[in-house]
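Work through each task before you read its solution.

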Amino acid sequence: GPDVNESYNKFTVNKKGEIRFGMTAVRGVGDGAVSEIIKERNKNGEFKDIYDFTERVNLQSVSKKNWEALACSGGFDNVGGCFRAQFFIPDKNELSFIENLLRYGNLIQNERNMAQQSLFGGAQEIAVQKPKPVPGDEWPSVVKLEHEKNYIGMYLTAHPLDDYKLEIDSFCTKGVSFQKLNDDIDTYKGREITLAGMVAEAYEGMNKNGKMFANLTLTDYEGSLKLFFFGQDHISFANFCKKGLFLMVKGKVQPRFRRNDDGPLMYEFKASKIELLSEVRNTKVTRISIDMPVTAVDEQFVAELTHQCDKNKGKINLEFNIFDPETKTSVQLFSRNVRVQATNEFLDYLRGKEGILFKIN
């Protein structure tokens, strides 16, 4: 991503051999602002923190709009000392951290200019209280990533669908993406397919006959797919035609409706069931099966697992397959009293335990 200490006008390679995003490629950051940042950095070294940045850059050239774009795109991540969202949280005076930083920077720079013009300027020390960000949480990942997409044209630090990796891996059709479906739909004719994506665009309207219809465009990691809903489908699925929703869509590749029999037979993906991805885990997952070697079963693991189960209580059954690699024997067990919720926290804990595998059903 962009970084005020490493980025130049265009894409470059940093000292670690990583490709660093160019600051002029960030929407809302112009050549003038970038030139001032680079000039100051080259002259006096990298910026130590956000206050050092504020005190040194030319605030006439690096405007509030530039600051907001850099904050949203991650340009201050390594110097800010706070979450991206905190740059925008208002204080008791309804001023954001960015606005307070700009006030602070202008005061410091004005005082410094006055001191330089004074006979005693070299002996005076400028003491101005540094503003602090208002405590708060980071934006939800989907909001943070949407800001990235708006300012740099792509999801860079992650993808919005990453939060639903479990659902996609467990319940979607393997090896099929929107791009593959678009490129070679005839290959999938007659097949039932389950896909997942985020609603990037949605529209609801009325045709010339006065009948309602709707459409939505779903995006995944590789491409997009547009779905149209008429008649009964409109009644069933119009509520899902809202930008920003994460959906799981089950459907079938079937012949497209034709008004006459002329021309080759065309195929389309027709949705038969749509669910919110956020609800899939609650409705479809009934048990978590954990495979683990007997050597992993000790007091520490039991205590950790008990703690995780207490924090993530739910309705999902826990099953265990404990095996001994040396004797090639195993025993299957299940929990009678403890049930869990398949939260990301609980599943991340299992992923982090060496030698332990799990699957959901």
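**Exercise 1: The pocket lining**

Strand β5 is the top contributor to the lining of the largest pocket, giving 6 residues. Keep in mind that this is a predicted model.

*Task.* Find which residues lie nearest the centre of the largest pocket, and sort its lining by class.

*Solution.* Start with the space itself: the largest pocket has a volume of about 660 Å³. Its lining is made of 21 residues, and F228, F230, R256, F257 and E268 lie nearest the centre. Next, look at the elements: α7 (178–183), β5 (224–230), β6 (246–255) and β7 (267–276) each give two or more residues to this lining.

**Exercise 2: Two ring pairs**

*Task.* Classify the pair F47 and F53 as stacked, tilted or edge-to-face.

*Solution.* The structure holds 13 aromatic pairs. For F47 and F53, the ring centres are 4.9 Å apart and the planes meet at 75°. Planes over 60 degrees apart count as edge-to-face, so this pair is edge-to-face. Now check burial: F47 has a relative accessible area of 3% and F53 has 0%, so both fall under the 20% limit for buried.

Compare W67 and F76, with centres 5.3 Å apart and 45° between the planes: this pair is tilted. Both W67 and F76 are buried. To finish, ring pairs join F47, F53, W67, F76, F87 and F97 into a cluster.

**Exercise 3: A charge over a ring**

*Task.* Which ring does R41 lie over?

*Solution.* R41 lies over the face of Y8, 4.7 Å from the ring centre.

Notes: Residues numbered from 1 in each chain as written. Predicted model: local features only at pLDDT ≥ 70, side-chain atom pairs only at ≥ 80, totals over all residues. Heavy atoms only, no water. Phe/Tyr/Trp six-rings, centres within 6.5 Å; stacked < 30°, edge-to-face > 60°. Buried < 20%, exposed > 50% of the residue type's maximum accessible area, 1.4 Å probe, protein only. Lys NZ or Arg CZ within 6 Å of the ring centre and 35° of its normal. 1 Å grid on protein atoms, 1.4 Å probe; cavity = no way out; pocket = protein on both sides within 12 Å on 5 of 7 lines; lining within 4 Å. Points joined across faces, edges and corners; volume = space filled by probe spheres on them. Helix = DSSP H or I, 4+ residues; strand = E, 2+ residues; numbered from the N terminus. Nonpolar A, V, L, I, M, F, W, Y, C, P; charged D, E, K, R; others polar.
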